[in-house]
Amino acid sequence: MKQIMFKVNGEERVLDSHPMTRLLDVLRDEIGLTGTKEGCGEGECGACSVLINGEVVNSCLVPIAQVQGSEIVTIEGIQLSEDEMHPAQKAFLAHGGALSRTRHWRQRRHLQRRQFRPAPPASLS
């Protein structure tokens, strides 16, 4: 275990963590900032993107030891005020919500089709 000091969304943090723990896991599991998502886990999709010292990085690829003394901004940290989301947050919610609704509709349509299919004939033995 190693003591790591850094800022997240303007708040000083000091954590005792294994140096190779992914920043993504620390943000979500230890700090509770679940807006940063794990998608591919390989740094390809960008779901885990955060800003470290102003640079966009994939937090699934960053060991926590590398953020010693850094300033990190997550999706939660870009909120304009307590009552107003940043346009990027609004777009994320609108996009995710649309995808969720589409997925739900497709699943429901598939289930409805299955419900109305005739049952296979019973065995005549």
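Thr36 is in contact (heavy atoms within 4.5 Å) with Leu24, Leu27, Arg28, Ala47, Cys48, Val50, Ser59, Thr74, Ile75 and Glu76, when its neighbours within four places in sequence are left aside. This is a predicted model, in which local features need pLDDT of at least 70 and side-chain atom pairs count only at pLDDT 80 or more, whereas totals for chains, interfaces and linings use all residues. Residues are numbered from 1 along each chain as its sequence is written, and side-chain values use heavy atoms, with hydrogens and water left out.

Thr36 lies in the loop between H1 and S3. Is Thr36 buried or exposed? Thr36 has 2% relative accessibility and therefore counts as buried; the term buried means under 20% relative accessible area, exposed means over 50%, and partly exposed lies in between (1.4 Å probe, protein chains only).

One of the contacts of Thr36 is Ala47, which is also placed in the loop between H1 and S3. Ala47 has 34% relative accessibility, so it counts as partly exposed. With its neighbours within four places in sequence set aside, Ala47 is in contact with Thr36, Lys37 and Gly39. The C-alpha atoms of Ala47 and Asn58 are separated by 7.9 Å, although the two residues are 11 apart along the chain.

The next topic is the sheet. An open sheet of 5 strands has the order S2-S1-S5-S3-S4, and its pairing is mixed. Two strands count as paired if DSSP finds at least two bridges between them. Why does one side of S2 and of S4 have no neighbour in the sheet? S2 and strand S4 (55-58) stand at the edges, each with a single partner strand, so one side of each is left without a neighbour in the sheet. From one strand to the next, the twist averages 40°; axes are lines fitted to C-alpha atoms, for helices over the stretch in contact, and angles run from 0 to 180 degrees between N-to-C directions.

The pairs can now be taken in turn. S1 and S2 pair in the antiparallel sense over 7 bridges, and the bridge partner of Lys2 in S2 is Ser17. The hairpin of S1 and S2 has 2 residues between the strands, and in this hairpin Asn9 takes a positive phi near 50°. S1 and S5 run parallel and are joined by 2 bridges; the bridge partner of Lys7 in S5 is Glu71. S3 and S4 run antiparallel, with 4 bridges joining them, and Leu51 stands opposite Val56 in S4. H1 packs on the sheet, where it touches S1, S2, S3 and S5, and the direction of H1 makes about 100° with that of S2.

Which residues of H1 are buried? They are Leu23, Leu24, Val26, Leu27 and Ile31. These buried residues pack against strand S1 (2-8), S2, S3 and strand S5 (71-73). H1 is followed by Gly32, whose phi is positive, near 85°.

The last topic is charge. Side chains of opposite charge can pair when their charged atoms come close. A salt bridge is defined as a side-chain nitrogen of Lys or Arg within 4 Å of a carboxyl oxygen of Asp or Glu. How many salt bridges does a search of the whole structure find? The search finds 3. In one of them, Arg13 pairs with Glu11, and the closest N and O atoms are 3.5 Å apart. Arg13 is partly exposed at 21% relative accessibility, and Glu11 is partly exposed with a relative accessible area of 44%.

Asp25 forms a salt bridge with Arg22, with 2.9 Å between the closest N and O atoms. Asp25 has a relative accessible area of 24% and is partly exposed, as is Arg22 at 22% relative accessibility. The side chains of Glu38 and Arg22 also meet in a salt bridge (3.0 Å, N to O). Glu38 lies in the loop between helix H1 (23-31) and strand S3 (49-52), and Arg22 in the loop between strand S2 (11-17) and H1, so this pair ties together parts that are 16 residues apart in sequence. Glu38 is partly exposed, its relative accessible area being 43%. Salt bridges that share partners join Arg22, Asp25 and Glu38 into one network.
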